[in-house]
Amino acid sequence: MVDVGRRAALAALLAAGLVPCSGARAANGAAAPAGPRPPTSLLGGEIRRLPTSRKVVALTFNAAWDEAGIDTVLAELRRRGLPATFFPTGAFADAHPAAVRAIGAAHGLGNHSYGHPYFDGLSTAQRAEEVRRADTAIRTASGTVPLPFFRFPYSSTTPDSVADVNDLGYAAIEFTADTNGYLGPQGGMSAEAAAERAIDALTPGAIIQMHVGSNGDGVVLDAEALPLIVDAAESEGYTIVDLRDFLVP
């Protein structure tokens with residue numbers, strides 16, 4: 001296990017550009033992702049709000065189940081000319097490569113682990129393997145380089161697990177609010193209720209978490225809620241921002 005001081009030093013070097021990510025080895029022996037990297041403001045803890053005072057909000061979607069809502073979500077984002085960041089699991093990428101390719105052609109792809117386990121029960125080596133396997137699967141499916149953003153399954157974070165993904169070169173991007181649309185009508189949710197949870201959380205730098213899957217019932221409330229959320233955010237003077245804008249080139 002890497003000590004805290006060494007982790008902090010490595011994170012600072014990566015963020016400052018003193019360690020080239022394309023060839024760097026993380027402290028646990030895993031290769032850091034190539035390309036743009038997170039700044040220091042996105043390292044050292046889980047990120048639930050972007051480091052800005054501007055009235056911007058980031059739309060993010062997890063993909064771990066079926067692909068029922070992807071076409072609707074992509075069409076709405078395309079119609080409005082808006083960015084979003086998607087966090088597929090590696091298993092999802094292996095099962096639905098065409099969907100991940102379509103997403104990656106227009107939007108940034110983060111990393112949501114390979115098999116969606118609870119990270120607090122894994123060792124550092126097991127966490128690294130989950131992240132690496134997902135990265136490989138997402139690259140293969142999309143034909144693009146994933147972003148250095150990791151989202152924990154179940155949002156189950158610990159200081160140790162956050163430090164481990166930081167060591168791998170990833171910022172731990174969580175969320176300001178989850179719409180809970182993934183619960184579906186059977187879970188007492190509606191598109192309006194999902195949108196309301198996002199709208200209530202609007203604040204400069206807010207990160208909204210949604211899902212593109214139906215969780216088995218064929219209904220994707222977040223796809224229905226998306227236009228409601230965007231309309232409300234824009235009416236309150238918010239701009240939809242791309243998480244890629246917060247990376248260091």
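Select helix α2 (residues 70-80) together with helix α8 (residues 221-235): their crossing is right-handed, where right-handed denotes a near helix turned clockwise from the far one by less than a right angle, and left-handed one turned anticlockwise. The axes of this pair come within 9 Å and cross at roughly 25°. Axes here are lines fitted to C-alpha atoms, for helices over the stretch in contact, and angles run from 0 to 180 degrees between N-to-C directions. The two helices are therefore roughly parallel to each other; angles under 35 degrees count as roughly parallel, over 145 as roughly antiparallel, 65 to 115 as roughly perpendicular and the rest as oblique.

Next, display the side chains of the α2 and α8 contact. On α2, the residues are Thr-72, Val-73, Glu-76, Leu-77 and Arg-80, and on α8 they are Ala-223, Leu-226, Pro-227, Val-230, Asp-231 and Glu-234. Contact means heavy atoms within 4.5 Å. Six of the contact residues of α2 and α8 are nonpolar, one is polar and four are charged. In this classification Ala, Val, Leu, Ile, Met, Phe, Trp, Tyr, Cys and Pro count as nonpolar, Asp, Glu, Lys and Arg as charged, and the others, Gly among them, as polar.

The model is predicted, so local features need pLDDT of at least 70 and side-chain atom pairs count only at pLDDT 80 or more, whereas totals for chains, interfaces and linings use all residues. Residues are numbered from 1 along each chain as its sequence is written, and side-chain values use heavy atoms, with hydrogens and water left out.

**The whole chain**

The protein has eight helices and eight strands, taken as DSSP runs numbered from the N terminus (helices: H or I, at least four residues; strands: E, at least two). Of its 249 residues, 56% count as buried; buried means under 20% relative accessible area, exposed over 50%, and partly exposed in between, with a 1.4 Å probe and protein chains only. The accessible surface comes to about 9,900 Å², and carbon and sulfur atoms hold 53% of that area. Accessible areas come from the Shrake-Rupley method with a 1.4 Å probe, and for residues only the protein chains shown count as cover. Among contacts with a separation of 6 or more, 75% link residues 24 or more positions apart.

**Helix α5 and its partners**

Select α5 (residues 124-142) and α4 (residues 97-104), whose axes come within 7 Å and cross at roughly 80°. Helices α4 and α5 are therefore roughly perpendicular to each other. Pro-97, Val-100 and Arg-101 of α4 meet Ile-138, Ala-141 and Ser-142 of α5. This contact of α4 with α5 comprises four nonpolar residues, one polar and one charged.

By class, the α5 and α6 contact has two nonpolar, two polar and three charged residues.

Centre on His-116, in the loop between β3 (108-109) and α5. Its phi is near 60°, a positive value in a residue other than glycine. Then move to Ser-155, in the loop between β4 (149-150) and α6. Ser-155, likewise not a glycine, has a positive phi of about 55°. At 19% relative accessibility, Ser-155 counts as buried.

**The loop between β6 and α7**

Select Pro-185, which is found in the loop between β6 and α7. Pro-185 counts as partly exposed, at 44% relative accessibility. Beyond its neighbours within four places in sequence, Pro-185 is in contact with Asp-217, Val-219 and Leu-221.

From the C-alpha atom of Ser-190 to that of Glu-224, 34 residues apart along the chain, the separation is 9.0 Å.

**Last stop: Pro-38**

Finish at Pro-38, in the loop between α1 (4-16) and β1 (56-63). Pro-38 is buried, with a relative accessible area of 4%. Draw a distance from Pro-38 to Leu-247: these residues are 209 residues apart along the chain, and their C-alpha atoms are separated by 5.0 Å.
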